[in-house]
Amino acid sequence: MERLVSGETTTSSNMKKKKKKVSSTTNPSLPDDLVLVIIARVSILYYPILSLVSKSFRSLLASPELYKVRSLLGRRESRLYVCINMYSYKNGPSWFTLCRKPDRTTTSSNKEQEEDRSSGYVLARIPIPHSPLTQRYSLAAAPSLPVELFRVSVSVLDQKIYVAGLHQEDGSDSLKNSVTVLDTETQVSDRVAIPCSVSQGKEIFISTSVGGKVNLVTGRKVVDYNPVEGSWEEVGDTMCEFMFSKCFCVVGNVLYSCAIDRVFRWYDTEVRTWRNLECLIGGRLPKLSPRAFVSLADYGGKLAVFWNQGVGDWQMLWCAVIALERRNTCEILGNVEWSDHVLHVPKIRSYYNALSATL
């Protein structure tokens with residue numbers, strides 16, 4: 001899911017505040033504003049490495065001013081995040097981000113050959129103390145909701161965030177389905193009434209958005225909400241057939257899934273059916289175990305796949321990035337650009353989610 005950042009002009013007062021926030025010890029020989037512009041032009045994949053330089057660099061890389069400059073320069077990139085829960089960690093789940101490995105130059109020729117076969121990517125841990133237990137489909141960068149919702153599921157469509165969940169009306173003990181719409185441009189929120197004939201008393205527990213509509217899974221069927229027309233439509237149970245494993249994501253307005261049978265599929269909204277994701281000639285998609293924790297994410301228009309592998313007390317977390325090519329209306333091909341293990345961790349208790357943000 002993308003974090004929507006507006007392109008703001010930097011006023012002189014903002015620049016003065018920026019100078020106060022960014023320590024001049026980052027580089028004594030360069031003005032702070034120039035340092036910001038230089039770092040803003042560096043790929044975000046190298047930021048975890050730059051954070052090791054000094055405390056001043058860590059402060060700069062965490063400053064909102066840096067990401068405003070990146071937006072103004074047109075340097076925004078997708079950044080992948082992974083949240084997992086490990087048996088040996090008692091303070092809740094741990095967060096990681098995908099980045100480039102440090103300088104891989106070695107003196108051993110054998111090691112050089114081994115590194116050359118590596119993708120050059122790794123997961124770096126992000127210090128988020130006492131992170132709450134959170135499911136992927138309840139994550140969004142949004143202001144506070146006007147009403148309290150339980151068991152929420154979030155989707156984004158046309159710069160609006162749709163938060164579906166259960167709401168308890170005043171003076172009532174019962175919970176009812178509710179959809180709150182948050183406009184990221186105007187910061188105005190509104191509630192969408194759900195006809196009883198549509199939800200039929202079934203709880204909304206999964207949501208997504210494709211084809212210009214918000215798709216809500218209620219029970220074992222899907223209902224679509226068209227924001228332009230303000231209309232609702234029942235679309236049957238085909239769409240949610242491979243969504244119950246909650247291993248799905250939307251890339252380029254196409255819904256992709258990797259269900260319990262570990263087959264990669266995409267949903268054809270024109271004929272309302274699932275089709276297998278085919279691989280390009282000479283390529284192959286990752287073969288995943290049904291017992292593995294698997295998660296999908298949109299990575300700048302490509303499909304990112306995370307899964308764990310191994311037995312015993314330690315496991316490897318793998319990542320593959322798949323480029324997608326639509327040949328015609330009923331065929332999408334996938335090409336694995338790289339696949340590699342990116343993290344060696346203690347035994348995984350549960351694998352919450354993988355998601356991306358544009359920064």
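# Cores, sheet and salt bridges in a predicted model

Student: Which residues have the most contacts inside the largest nonpolar core?

Tutor: The model is a predicted one. Its largest nonpolar core has 22 residues. Those with the most contacts inside this core are Leu98, Leu123, Phe306 and Val342.

Student: Which strands each supply at least two residues of this core?

Tutor: They come from separate stretches of the chain. One stretch gives strand E1 (78-86), strand E2 (94-100) and strand E3 (121-126). The others are strand E17 (294-299), strand E18 (302-309), strand E19 (314-328), strand E20 (331-346) and strand E21 (348-358).

Student: What does Leu98 touch, not counting residues up to four places away in sequence?

Tutor: Leu98 is among the core residues with the most contacts. Two others from that group, Leu123 and Val342, are in its contact list. Also there are Leu45, Leu80, Tyr121, Val122, Tyr299 and Trp338.

Student: What is the strand order of the open sheet of four strands, and which are its edge strands?

Tutor: The order is E4-E5-E6-E7, with antiparallel pairing. An edge strand pairs on one side only. That picks out strand E4 (150-157) and strand E7 (189-192).

Student: What does the twist average from one strand to the next?

Tutor: Take the sheet in its order, E4-E5-E6-E7. Going from one strand to the next, the twist averages 25°.

Student: Which residue in E6 is the bridge partner of Leu166?

Tutor: Strand E5 covers residues 160-168 and strand E6 covers residues 175-183. The two run antiparallel, joined by nine bridges. For Leu166, the partner in E6 is Asn177.

Student: Which residues are linked with Glu233 in a network of salt bridges?

Tutor: Glu233 meets Lys213 at 3.5 Å, N to O. With Arg272, the closest N and O atoms are 3.1 Å apart. The residues linked to Glu233 in the network are therefore Lys213 and Arg272.

Student: How many residues apart in sequence are Glu233 and Arg272?

Tutor: Glu233 lies in strand E11. Arg272 lies in the loop between strand E14 (264-268) and strand E15 (273-276).

Student: Are Glu233, Lys213 and Arg272 buried, partly exposed or exposed?

Tutor: Buried means under 20% relative accessible area, and exposed means over 50%. Glu233 has 32%, Lys213 has 23% and Arg272 has 35%. These values fall in between, so each residue counts as partly exposed.

Student: What is the N to O distance between Arg327 and Glu325?

Tutor: The whole structure has nine salt bridges. In this pair, Arg327 is partly exposed at 47%, and Glu325 is partly exposed at 35%. Their side chains meet at 2.6 Å.

Student: What arc do the buried residues of helix H2 cover around the axis?

Tutor: Helix H2 spans residues 32-40. Its buried residues are Asp32, Asp33, Val35, Leu36, Ile39 and Ala40. They sit on the same side of H2, because the arc they cover is only 160°.

Notes:
Residues numbered from 1 in each chain as written. Predicted model: local features only at pLDDT ≥ 70, side-chain atom pairs only at ≥ 80, totals over all residues. Heavy atoms only, no water. Pairing = 2+ DSSP bridges. Axes fitted to C-alpha atoms, helices over the stretch in contact; angles between N-to-C directions. Core = buried A, V, L, I, M, F, W, Y, C linked by side-chain atoms within 4.5 Å. Buried < 20%, exposed > 50% of the residue type's maximum accessible area, 1.4 Å probe, protein only. Contact = heavy atoms within 4.5 Å. Salt bridge = Lys/Arg side-chain N within 4 Å of Asp/Glu carboxyl O. Arc of directions from axis to C-beta.
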